[in-house]
Amino acid sequence: LSQASQAQVDKTDYEMLEYLNELREACIESYTGIVQGMTEDKSSPFDSKALLQPYLAHMISFIEHIALDADHSDSNTAVCCGLLGDLCRIYGKQLKSLVDNKPGITQLLGEGKQSKISKTKKLALWAARELRKIQ
């Protein structure tokens, strides 16, 4: 996932740009599945939150990278807001230092709130509420 999240393409090629957005969406959805699966399994003998902690900075950095890319899709916005909200809900104040002073995250949430797509708007509003709880 880490390598796939660093993929770059020729942005003048529409098909490659579409591929990049789909790849990014798949990466974020994968991170979301891992985060939700590991933290919601109460029967696990491991401290799942602690196991995921080393990867938080990368996930936030990837969200920020997507947010600052002018060519990201509305679907990218939706899945990034979903993952951000999950991370805020699960990690709370532990996430604060990673999301502070990240203009891309603020931009992403604002863009999501203005989306014409209902799912994106709902996820952005929810993520913004979760983020406010840790500020």
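Trainee: In which helix do Glu-130 and Lys-133 both lie, and how many residues apart are they?

Mentor: The model is a predicted one, in which local features need pLDDT of at least 70 and side-chain atom pairs count only at pLDDT 80 or more, whereas totals for chains, interfaces and linings use all residues. Residues are numbered from 1 along each chain as its sequence is written, and side-chain values use heavy atoms, with hydrogens and water left out.

Glu-130 and Lys-133 both belong to helix H7, which covers residues 118-134, and they are 3 residues apart, about one turn of the helix. Helices here are DSSP runs of H or I with at least four residues, numbered from the N terminus, while strands are E runs of at least two. An α-helix has 3.6 residues a turn, so residues three or four places apart point the same way. The two side chains meet in a salt bridge, with 3.1 Å from N to O; the term stands for a side-chain nitrogen of Lys or Arg within 4 Å of a carboxyl oxygen of Asp or Glu.

The structure holds 6 salt bridges. In another of them, Lys-96 pairs with Asp-100, their closest N and O atoms being 2.9 Å apart; Lys-96 is partly exposed at 28%, and Asp-100 is also partly exposed, at 26%.

Lys-11 and Asp-71 form a further salt bridge, with the closest N and O atoms 3.7 Å apart. This pair links distant parts of the chain, since Lys-11 lies in the segment before H1 and Asp-71 in the loop between H3 and H4, 60 residues apart. Lys-11 has a relative accessible area of 38% and Asp-71 one of 33%, and each counts as partly exposed. The two residues also belong to a network of salt bridges that links Lys-11, Arg-24, Asp-69 and Asp-71. Asp-69, found like Asp-71 in the loop between H3 and H4, is buried, with a relative accessible area of 7%. Leaving out residues up to four places away in sequence, Asp-69 touches Lys-11 and Arg-24, where contact means heavy atoms within 4.5 Å.

Arg-24 leads on to H1, where Arg-24 is one of the buried residues, a list that also includes Asn-21, Cys-27 and Tyr-31. The buried residues of H1 pack against helix H2 (48-52), helix H3 (56-68) and helix H4 (74-91). H1 itself spans residues 14-40, and its 27 residues reach 38 Å from the first C-alpha to the last, close to the 39 Å expected at 1.5 Å a residue, the expected span being 1.5 Å times one less than the number of residues.

Ser-5, in the segment before H1, is buried at 5% and touches Cys-27, Tyr-31, His-58 and Phe-62, not counting residues up to four places away in sequence. The side chains of Ser-5 and His-58 make a polar contact at 3.2 Å; such a contact is a pair of N or O atoms within 3.5 Å, where, within protein, one must be able to donate a hydrogen and the other to accept it, and residues adjacent in sequence count only if both atoms are side-chain atoms.

The largest nonpolar core has 32 residues, of which Leu-87 and Leu-95 touch the most other members. H1, H3, H4, helix H6 (103-113) and H7 each supply at least two residues of this core, and its largest share, 9 residues, comes from H4. Such a core is a set of buried Ala, Val, Leu, Ile, Met, Phe, Trp, Tyr and Cys residues joined through side-chain atoms within 4.5 Å. Beyond its neighbours within four places in sequence, Leu-95 is in contact with Leu-56, Ile-60, Leu-87, Cys-88 and Ile-134.

Conventions
Buried < 20%, exposed > 50% of the residue type's maximum accessible area, 1.4 Å probe, protein only.
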